Amino acid sequence: MADMSATKRQKPAWAVASAFAGGIRAEMVHARDDHRTAFAIWKNGLWYQSDRFVDSAGRTMQPYPADHPLIANNVVLFPDEPVAYSSRMQLIDEVRQYIHRYVDVSDSFELIASYYVLLTWFYDCFNELPYLRLKGDFGTGKTRFLQVVGAICYRPIFASGASTVAPLFHMLDLFRGTLILDEADFRYSDEKAELTKIFNNGNMRGAPVLRARMNSKREFDPHVFQVFGPKVMAMRGEFEDAALESRFITHETHPAPIRPDLPISLPDTFAAESAQLRNKLLMFRFEYWRKLSAPSDLPIASLPPRTLQMLLPILTLADDARERTLLLEILQRHHTD
């Protein structure tokens, strides 16, 4: 009886998502207008909302509160609720049109970025991931790209080179989302080394970073930080580690006249527009999670193993054979360059 009482008194733990047998999933949502967080629970092709759930280990889980500093200050973004979309291809087209409205990049990189957004919503279905990067001088649209693309990624975590590296470990471990990192050219060698740890370990499942953390007795205990997940970043230079450089799909930006139809500043409607797309992408995640399969018609023999690892997740999301062929050609050219 004492053990049962202790279990009842156990406080709920914080969570952002969980998966259960039978395809049941729980995803944290944030209704900003109502200043409220909850879980969207997907079960048997339908969803409902709940303020907590019991995980497979019998623990009661609750969402992070709406007044959490990282949530209240838009450092981490969540959907409001799952919303229906027309079709897989139309959703891709909607993402691409959204990017085109606010960002000026090449057609090929626009297509890659659109599929990378989808990849962020399914990253936990893969064992290896590529990173997306813009590289170029200031004033060439890198920050705008991160604002626009980042806003519709899966649980985007916005940070910049003005931040210290230490919080990045904690945020990635807590929220298990997409790191959106601006000005990634960290100045000091120790910061660069710490950032390199995140990127070197973060593209492969099962490669956490170990760091010492002081406990209540002022003793240092090892702590495991999970850093696996998609990452979108902007920087002026590149990393010295050639192996790390091979993990990036990079678009180089250059000074150019602003496209006439691009807004100078993001409109007031941008937040609502990006939130609506996040809602549709959440429904897409619910419906397709663990149902994706790698295409069987890729010219695997012609691709180096590292390249294949990096490209396969994006190509898996391309349901249209024509677009898959186009993506493969673009990514192969990128690898050759």
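**A walk through the predicted model**

The side chains of Glu27 and Arg285 form a salt bridge, with 2.8 Å from N to O. Glu27 belongs to strand E3 (residues 25-31) and Arg285 to helix H9 (residues 270-288), so this pair ties together parts that are 258 residues apart in sequence. A salt bridge here is a side-chain nitrogen of Lys or Arg within 4 Å of a carboxyl oxygen of Asp or Glu. Helices (H or I, at least four residues) and strands (E, at least two) are DSSP runs, numbered from the N terminus.

This is a predicted model, in which local features need pLDDT of at least 70 and side-chain atom pairs count only at pLDDT 80 or more, while totals for chains, interfaces and linings use all residues. Residues are numbered from 1 along each chain as its sequence is written, and side-chain values use heavy atoms, with hydrogens and water left out.

Are Glu27 and Arg285 buried or exposed? Both Glu27 and Arg285 are buried. Buried means under 20% relative accessible area, exposed means over 50%, and partly exposed lies in between (1.4 Å probe, protein chains only). Side chains of opposite charge can pair when their charged atoms come close.

Leaving aside neighbours within four places in sequence, Arg25 is in contact (heavy atoms within 4.5 Å) with residues including Trp42, Asp124, Arg285 and Trp289.

By the rule above, the model has 15 salt bridges. One of them joins the side chains of Arg59 and Asp55, at 2.7 Å from N to O. Arg59 is partly exposed, with a relative accessible area of 44%, whereas Asp55 is buried at 8%. Another joins the side chains of Lys197 and Glu194, at 2.8 Å from N to O. Lys197 and Glu194 are 3 residues apart in helix H7 (residues 189-202), which means that about one helical turn separates them. Lys197 is partly exposed, with a relative accessible area of 39%, and Glu194 counts as buried at 16%.

Next come the strands. Strands of a sheet pair through backbone hydrogen bonds, either parallel or antiparallel. Two strands count as paired if DSSP finds at least two bridges between them. E3 and E4 pair in the antiparallel sense over 7 bridges, and Met28 stands opposite Phe39 in E4. The hairpin of E3 and E4 has 4 residues between the strands, and His35 there takes a positive phi near 50°. Strand E4 (residues 36-43) is mostly covered, since 6 of its 8 residues are buried.

E4 also pairs with strand E5 (residues 46-50), in the antiparallel sense over 5 bridges. Which residue in E5 is the bridge partner of Phe39? The partner is Ser50. E4 and E5 form a hairpin with 2 residues between them, and Asn44 in the turn has a positive phi of about 55°.

A separate open sheet has 3 strands in the order E1-E7-E6, with mixed pairing. Strand E1 (13-15) and strand E6 (53-54) stand at the edges with a single partner strand each, so one side of each has no neighbour in the sheet. E6 and strand E7 (residues 60-63) pair in the antiparallel sense over 2 bridges, and Val54 stands opposite Thr60 in E7.

Helix H3 (residues 88-102) has 15 residues; at 1.5 Å a residue it should span 21 Å, and its end C-alpha atoms are 22 Å apart, which agrees. The expected span is 1.5 Å times one less than the number of residues. The buried residues of H3 are Arg88, Leu91, Ile92, Val95, Tyr98, Ile99 and Tyr102. Seen down the axis of H3, these buried residues fall within an arc of 125°, so they line one face of the helix. The arc is that of the directions from the helix axis to the C-beta atoms.
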